[in-house]
2 protein chains.
Amino acid sequence: MPLSDKNALTIGGLAKASGVKVTTIRYYEGIGLIEPPVRSPGGQRLYGGEAVERMRFIRHSRDLGFSLDTIRELIALSGDKDRSCAEVDEIVKRHAGDVRLRIERLKSLEKELNRMIRECSANRVAECHVMEVLANHALCETEHLKA
Amino acid sequence: MPLSDKNALTIGGLAKASGVKVTTIRYYEGIGLIEPPVRSPGGQRLYGGEAVERMRFIRHSRDLGFSLDTIRELIALSGDKDRSCAEVDEIVKRHAGDVRLRIERLKSLEKELNRMIRECSANRVAECHVMEVLANHALCETEHLKA
DNA sequence: CATACTCTCTACAGACACTGTAGGTTCAAG
DNA sequence: CTTGAACCTACAGTGTCTGTAGAGAGTATG
């Protein structure tokens, strides 16, 4: 993107076009996830169209739950167009596995919470079954390992 | 717990008895989640048996996914033994709702990730379907709002 | 050209729930 | 009395941003 490009986007324009907030874009630049763009004579950031693509890629990957570190890997891989995409698949599979695990844990959590609620007969706090369960894991039916 | 109590626990003993790490106990004291205990002449923390109960309560609540702020509320409510436990129920219900929502989101995420994996034919990165999907939410089937 | 107004700039603090580090002190056992 | 584990404080770092403050840049109108 040459400086002379009249179609350059300011950071606000990039934010609107990509759905990533201005402050977040600056943050991504700060941690080296994206390249620093050229600046206007007054010091404002100016972006070309490819920056929109990149920001959308990042945003969608974030929405799919990938960490910024993983996204960094994906971006690096995408630079090597001729490489087999087996590594990319591997990363996505690993992530899908993580997600499945988290779902399992949350499900047993949900079961336990619902059981607690069902079994409370709304008495005084002093005899509250919910409170007892909170105090004592032995009263739980499931193992609900930390979410 | 009088200072003279020979059965007092040091922070390490409390950690073992409750399953909460030493540093975490100090952290909880720092943020005012638990009361500062009495100290030995040399300045070391000394805890009585009720501290073990409290730490277990906190740990189990954390395992069930409650935030420290919510646990703070629960502890405050537990101090008022005669109060109806409707508020406690309310808190647990709200949390159960949050958990359900998270499960829903993770499920649609999982679906999308699995679809991405299935549809990749392991070519070069340049034509990788996974990469395309990451770049473009329009290629998604589900709405998979942020997890 | 002056003014107003929006956008952008940097730098730093805060959120959550801890974990880790550095450098020192206390305590119980041998 | 010495050793070694456990303890102490204070502070920085994790991840992914969000929010704030105060100042400068760019644009539209009078």
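Trainee: Why is Glu112(A) called buried rather than exposed?

Mentor: In this predicted model, Glu112(A) has a relative accessible area of 1%, and since buried means under 20%, the residue is classed as buried. Its place in the chain is helix α5 of chain A, which runs over residues 86–118.

Trainee: What makes the pairing of Glu112(A) with Arg115(A) a polar contact?

Mentor: The two side chains come to 3.0 Å of each other, and the cut-off for a pair of N or O atoms is within 3.5 Å, so the pair qualifies as a polar contact. A polar atom of the Glu112(A) side chain also lies 3.2 Å from the backbone nitrogen of Glu141(A). Leaving aside residues up to four places away in sequence, Glu112(A) touches several others, among them Leu139(A), His144(A) and, from the other chain, Leu64(B).

Trainee: How do you know that Asp63(B) and Arg59(B) form a salt bridge?

Mentor: Their closest N and O atoms are 3.9 Å apart, and a salt bridge asks for a side-chain nitrogen of Lys or Arg within 4 Å of a carboxyl oxygen of Asp or Glu, so the pair meets the rule. The two residues are 4 residues apart in helix α3 of chain B, and are therefore separated by about one helical turn. Asp63(B) counts as buried at 12% relative accessibility, whereas Arg59(B), at 33%, counts as partly exposed. Elsewhere, salt bridges that share partners join Glu112(A), Arg115(A), Glu119(A) and Glu141(A) into one network.

Trainee: Which residues and elements make up the contact between the chains?

Mentor: The contact takes 53 residues from chain B and 54 residues from chain A, and the two chains bury about 4600 Å² between them, with 74% of that on carbon and sulfur atoms. There are 16 residue pairs in polar contact between the chains. On the side of chain B that touches chain A, α3, α4, α5 and α6 each supply at least two residues, and α5(B) gives the most, with 19 residues. The residues of that side divide into 28 nonpolar, 10 polar and 15 charged.

Trainee: How do you know that the two copies are related as by a two-fold rotation axis?

Mentor: A rotation of 180° with 0.0 Å of shift along its axis superposes chain B on chain A, with an RMSD of 0.1 Å, and the copies are thus related as by a two-fold rotation axis. In chain B, the C-alpha nearest the axis is that of Ile103(B), at 2.9 Å. The same surface serves both copies, in that 100% of the contact residues of chain B recur in chain A.

Conventions. Residues are numbered from 1 along each chain as its sequence is written. Chains are lettered from A and ligands numbered from 1 in the order in which they are written. This is a predicted model: local features need pLDDT of at least 70, side-chain atom pairs count only at pLDDT 80 or more; totals for chains, interfaces and linings use all residues. Side-chain values use heavy atoms; hydrogens and water are left out. Contact means heavy atoms within 4.5 Å. Buried area is the accessible area (1.4 Å probe) that two parts lose on being put together, summed over both. A polar contact is a pair of N or O atoms within 3.5 Å; within protein, one must be able to donate a hydrogen and the other to accept it, and residues adjacent in sequence count only if both atoms are side-chain atoms. Ala, Val, Leu, Ile, Met, Phe, Trp, Tyr, Cys and Pro count as nonpolar, Asp, Glu, Lys and Arg as charged, and the others, Gly among them, as polar. Buried means under 20% relative accessible area, exposed over 50%, partly exposed in between (1.4 Å probe, protein chains only). Copies are superposed by least squares on the C-alpha atoms of residues with pLDDT of at least 70 in both.
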